[in-house]
Amino acid sequence: MNLLREAWIPILRRSGRREIIRPAQLLERMTEDPVVRLDAVRPDFNGALIQFFIGLLQTALTPAEPEDWEELFLKPPKMADLEKGLAVYAAAFELDGPGPRFFQDLELSSEEGTPIGSLLIEAPGANTIKNNADHFVKRNQIQQLCPACTATALLTLQTNAPSGGAGHRTSLRGGGPLTTIVLPQEPKFQTLWHTAWLNVLLKEDLSATQCKPSLKALQAIFPWMAATKLSKAAGTEVLGSHIHPAQTYWATPRRIRLFTASEEEGSCSICNAAGAKFYRQYATVPHGADYAEGILHPLSPYYDDKGVLRPVHPQPGGFTYRHWPDFVLAEGGGKERAIVVRLLGSRLRSGNTITDFAIHAFGYDMDNMKARCWYETRMPYFPLPDDDLRKHFVGYAMAMADAANDIASNTRKAVQSAFFDSGASVRGDLDFVKTEFWQGTESKYYDSLREVMKAVADPAPILRNWLKALQKFSLDLYDHYSEQIPLDEGKEAGMRKEDSMPRVVRARRDLLMFNRNKKFYEKLGISATAEGGKV
Ligand SMILES: [Zn+2]
């Protein structure tokens, strides 16, 4: 199967019609019924497929100037032209057959087969099966995969690869990276073409990846076009200077080669498609390409760890607006938003008509080899015209989220103190209180930021209102959960007067005190009284 010539990608058109397309059909029927989004059965597949499209356009159509980028955004190319542009790469997109194969090792041959279900990120590892610990994802649940699901699973694994035991390399961004994509928000631009094209970098911006744009060989882009660069010996890492920037989308850390698909009864274990041929096994060995630190993937935020920029990975609890400044605004100071977000301005010429964006953030929360959870969220994007405004605005956005983080924790603690004696071992997780806090204050956060943007010279009244809103929401949430607790709970005879206060009252008093702590006012740079102005 050739993944450029044949249809394998599930999509949804504006009319709601579901279809399976080949890549160039992304531009089919743009005026009548455009492709609006991907429609795979798994969210991690959709996350990998959008990166596939961005990578494909970045590889084949890198625009030289902002004018070129804008022209294709406003007036998408003809499908036939894209088809022609992609045809030169057809050899890199074979899923099977002899020679180079999509995201597979060129030379690997092995008698020993691994079950095809192990391509899936959440598949239990060998140890889990040995220890009988595969409660969450059962072994043998995946028997066989259709070619489309096999190709997508391979793409998803190589893009997110967690550590897979000794010598099994992680993805170019480590195990389970966070991906952030810019989304067009104007209804007329909400198509898959516009989404993918919005994230394609200009030629002059490619060097921001710390890779080498001047490399011309096909294997500098698609590593599987040549023998794998093995990583058994020391000093064999793949450096930025070894690869073309587009390889960030085609990085292949795992050595895998599919066993030939065979005629089988039944249907695909993931998408249920019936068909004659299914993949059931693949060969894999360790010591594939080991991508060095220093390569910057265009779609991921990074943070400074003692002088080394490391990719951000989703953490337990998922995304809230406390991540918003890091994902959308951060620049310098130890945090860097993704290159596509940072350099959005260089693609947009001043005076253009494309102005409304959002950020789509997604990724796995991995516990080493184990996938704990898949998270995704959409966040607003505010264009900030000048650097001076940015500096102040970022500071306020961070301080506001910081205050919310502390008050969310206080609220959770207070609910716990209301229900349980201090020192009692608490069964169950009260983190839902925090989640509710984040969700309940989210729209107020973004609304307040919009106001701050307009009044960045003197945002004190807005910041004071923000703090008041947090304090009020915190108390309301506490009251909501604690109203079911009888007043005599936790009140014991013979104690000092202070201690004999009902637990639920004491916890409320403490919460009020915590939330009015002067550190919040200091953090936001405001005085505790409305009249005081700035501190
Ligand atoms: Zn399938």
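Analyst: A residue counts as buried when its relative accessible area is under 20%. Cys149, at 7% relative accessibility, therefore counts as buried. Cys268 is also buried, because its relative accessible area is 2%. The model is a predicted one.

Both cysteines belong to the zinc site. The protein donors of the zinc ion are the SG atoms of Cys146, Cys149, Cys268 and Cys271, lying 2.3 Å from the ion. The angles that the four donor atoms subtend around the zinc ion run from 107 to 113°, so the arrangement is tetrahedral. Along the chain, the donors follow the spacing C-x2-C-x118-C-x2-C. The pair Cys149 and Cys268 links distant parts of the chain, 119 residues apart. Cys149 sits in helix H5 (residues 147-160), while Cys268 is in the loop between strand S7 (262-263) and strand S8 (277-278).

The model has two cavities of 30 Å³ or more. The largest cavity holds about 90 Å³ of space. Its lining consists of 13 residues, and those nearest the centre are Thr159, Arg173, Thr248, Tyr249 and His297. Helix H5, which carries Cys149, is among the elements that give two or more residues to this lining, together with helix H1 (43-61) and helix H8 (247-250). By class, the lining of the largest cavity has six nonpolar, six polar and one charged residues.

The second largest cavity holds about 30 Å³ of space. Helix H1 and strand S14 (357-367) each supply at least two residues of its lining, and the largest share, four residues, comes from H1. The residues that line the second largest cavity are Asp44, Gly47, Ala48, Gln51, Asn160, Pro177, Thr179, Phe362, Gly363 and Trp374. By class, this lining has four nonpolar, five polar and one charged residues.

One further buried position lies in a loop. Leu384 is in the loop between strand S15 (370-380) and helix H12 (387-419), and with 12% relative accessibility Leu384 counts as buried. Leaving out residues up to four places away in sequence, Leu384 touches Leu329, Leu389, Arg390, Phe393 and Met453.

Technical notes. Residues are numbered from 1 along each chain as its sequence is written. This is a predicted model: local features need pLDDT of at least 70, side-chain atom pairs count only at pLDDT 80 or more; totals for chains, interfaces and linings use all residues. Side-chain values use heavy atoms; hydrogens and water are left out. Buried means under 20% relative accessible area, exposed over 50%, partly exposed in between (1.4 Å probe, protein chains only). Contact means heavy atoms within 4.5 Å. Donors are N, O and S atoms within 2.8 Å of the metal (3.2 Å for Na, K and Ca); water is not among the atoms, so sites may look incomplete. Four donors count as tetrahedral if all angles lie between 85 and 135 degrees; four count as square planar and six as octahedral if opposite donors are over 155 degrees apart and all others between 65 and 115; anything else is irregular. On a 1 Å grid over the protein atoms alone, a cavity is a set of points where a 1.4 Å probe fits but cannot get out, and a pocket is an open set with protein on both sides within 12 Å along at least five of seven lines; lining residues have an atom within 4 Å of a point. Grid points are joined across faces, edges and corners, and a volume is the space filled by probe spheres set on the points. Ala, Val, Leu, Ile, Met, Phe, Trp, Tyr, Cys and Pro count as nonpolar, Asp, Glu, Lys and Arg as charged, and the others, Gly among them, as polar.
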